[in-house]
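Subject: A structure for you to look at

Hello,

Here is the structure I promised to pass on to you. Have a look at it first, and then read on for what turned up in it.

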Amino acid sequence: MSLFVFGHRNPDTDAICSAIAYADFLRQTTRPDAIAASCGPPNQRTEYALKLAKLSPPRILMDVHPLVEDVCRTDITLATRDEVFYDVYRRMDQHGLRSIPVVDAGGKLTGIVSLLDILELVLNSGVDPLKARLVHSNLSKIVSVLGGSFQHSVNPDLDEELVVSVGAMSAGGFKEHIKRFPADKLLVVCGDRPTIQLPALELGVRALVVSGGYELSDGLMHLAEARGIAVLRSPFDTATTTMRIKAAQLIGGVVEEEYLSLPARMPVAEARDQIFRSPQAIFPVLEDGNLVGVLSKSDLVNPPKPELVLVDHNELGQAVPGAEEARIIEVLDHHRLGGSLKSTEPIRLTMEPVGSTCTLVAKMFHQARINPEPGIAICMASGMISDTLYLRSPTTTDTDRKMLEWLQ
């Protein structure tokens with residue numbers, strides 16, 4: 001977050017000019033991120049002074065209550081519906097995430113998916129033997145997760161529901177076993193076992209996965225091609241191959257489409273009330289319908305606060321709305337000390353009985369042996385002249401006179 005230098009709520013020339021000049025001083029010394037701000041536009045007199053100095057007005061900020069966009073994470077880890085468990089799980093594990101947004105091909109948010117959701121894809125078998133065998137994927141995704149290759153490819157990009165069968169039994173037992181399932185959905189996994197491969201091909205299964213780095217023999221390969229059966233090669237043993245096939249399931253079926261999202265401009269206090277009642281792990285942050293970040297409950301435990309420097313005032317009642325939730329690091333003023341300002345840590349407090357806050361800013365330039373740019377000098381002189389009625393006000397001091405002369 002930037003450091004904002006603010007004058008009081010109803011800014012006059014001294015408030016605006018001291019904010020502009022002190023932000024410039026801070027950028028040259030300790031805070032290159034300092035930005036002059038005000039709670040409203042400058043009046044006609046101040047506009048004339050800024051025009052004479054060839055300076056832009058300060059940034060108008062009517063409220064500094066922290067917003068969701070200020071605390072959310074913008075380095076978003078995403079998933080798409082056509083990705084598989086294996087890839088999404090590895091990405092979430094790499095970044096230590098429990099949930100991530102899901103977007104379409106155009107980057108539009110379509111849902112969220114949690115780690116528990118995708119784990120259900122491979123751990124949902126329970127006691128149902130058929131459900132334990134089902135894999136919703138396509139052959140191209142399966143080959144990718146296996147790190148294998150096609151020996152014969154048939155409709156590799158077709159998303160379909162496959163029934164995985166492992167040929168780890170006798171030839172006779174296997175023949176009886178595979179007859180229990182629709183042949184056009186069967187994905188048979190076996191090693192270099194022609195006695196298993198042949199009945200699978202004769203039955204007309206959807207695909208045969210040859211594990212252990214083996215290939216189908218030329219004779220059986222001709223039969224597979226004639227029957228329109230896809231043949232995949234896996235470098236892993238049968239057990240590992242089967243596990244990886246299960247991990248090649250598409251995540252689309254477990255994407256949560258009903259979720260709570262947050263507007264980027266929502267105040268943090270309001271967001272906190274909403275998300276602490278929700279079981280979601282993350283909350284997409286949207287701006288004009290576009291995903292710009294994600295927020296978790298832990299992000300709001302101790303969120304970063306905007307940093308402020310108050311010039312030409314020292315009471316919260318005169319400060320920009322939201323200052324009570326900000327981190328006020330410095331006060332630069334020439335008024336009496338009010339009683340409302342509090343801080344949780346030491347702050348720099350500069351208060352002197354002079355006629356203008358711009359006098360104090362000019363004094364800092366002078367003490368630091370920094371010659372202000374002509375426009376900044378004119379700006380400070382304008383604030384001093386305005387607040388001291390051209391050095392005729394009873395609040396005018398010798399310091400005001402010396403600093404105005406130095407600026408000239």
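Predicted model: local features only at pLDDT ≥ 70, side-chain atom pairs only at ≥ 80, totals over all residues.

Helix H7 covers residues 171-178 and helix H8 covers residues 194-203. Their axes lie 9 Å apart, and the angle between the two helices is about 25 degrees. Angles under 35 degrees count as roughly parallel, and therefore H7 and H8 are roughly parallel to each other. Their crossing is right-handed. On the H7 side, the contact is made by Ala-171, Phe-174, Lys-175 and Ile-178. H8 brings Thr-195, Ile-196, Pro-199, Ala-200 and Leu-203 to the contact. Sorted by class, the residues where H7 touches H8 are seven nonpolar, one polar and one charged.

The crossing of H1 and H12 is left-handed. From H1, the residues that meet H12 are Asp-14, Cys-17, Ser-18, Ala-21, Tyr-22, Asp-24, Phe-25 and Gln-28. Their partners in H12 are Thr-357, Cys-358, Val-361, Met-364 and Phe-365. This contact has eight nonpolar, three polar and two charged residues.

The crossing of H6 and H10 is right-handed. Here Ile-142, Val-145 and Leu-146 of H6 meet Thr-241, Arg-244 and Ile-245 of H10. By class, that gives four nonpolar, one polar and one charged residues.

Now for the empty space. Rolling a probe the size of a water molecule over the atoms shows where such space is left. The largest pocket has a volume of about 350 Å³. It is lined by 15 residues, and those closest to its centre are Leu-61, Asp-63, Val-64, Leu-67 and Asp-70. The lining of the largest pocket has eight nonpolar, two polar and five charged residues.

Enjoy exploring, and write back with any questions.

Best wishes

Notes:
Residues numbered from 1 in each chain as written. Heavy atoms only, no water. Left-handed = near helix turned anticlockwise from the far one by under 90°. Helix = DSSP H or I, 4+ residues; strand = E, 2+ residues; numbered from the N terminus. Contact = heavy atoms within 4.5 Å. Nonpolar A, V, L, I, M, F, W, Y, C, P; charged D, E, K, R; others polar. 1 Å grid on protein atoms, 1.4 Å probe; cavity = no way out; pocket = protein on both sides within 12 Å on 5 of 7 lines; lining within 4 Å. Points joined across faces, edges and corners; volume = space filled by probe spheres on them. Axes fitted to C-alpha atoms, helices over the stretch in contact; angles between N-to-C directions. Parallel < 35°, antiparallel > 145°, perpendicular 65-115°, else oblique.
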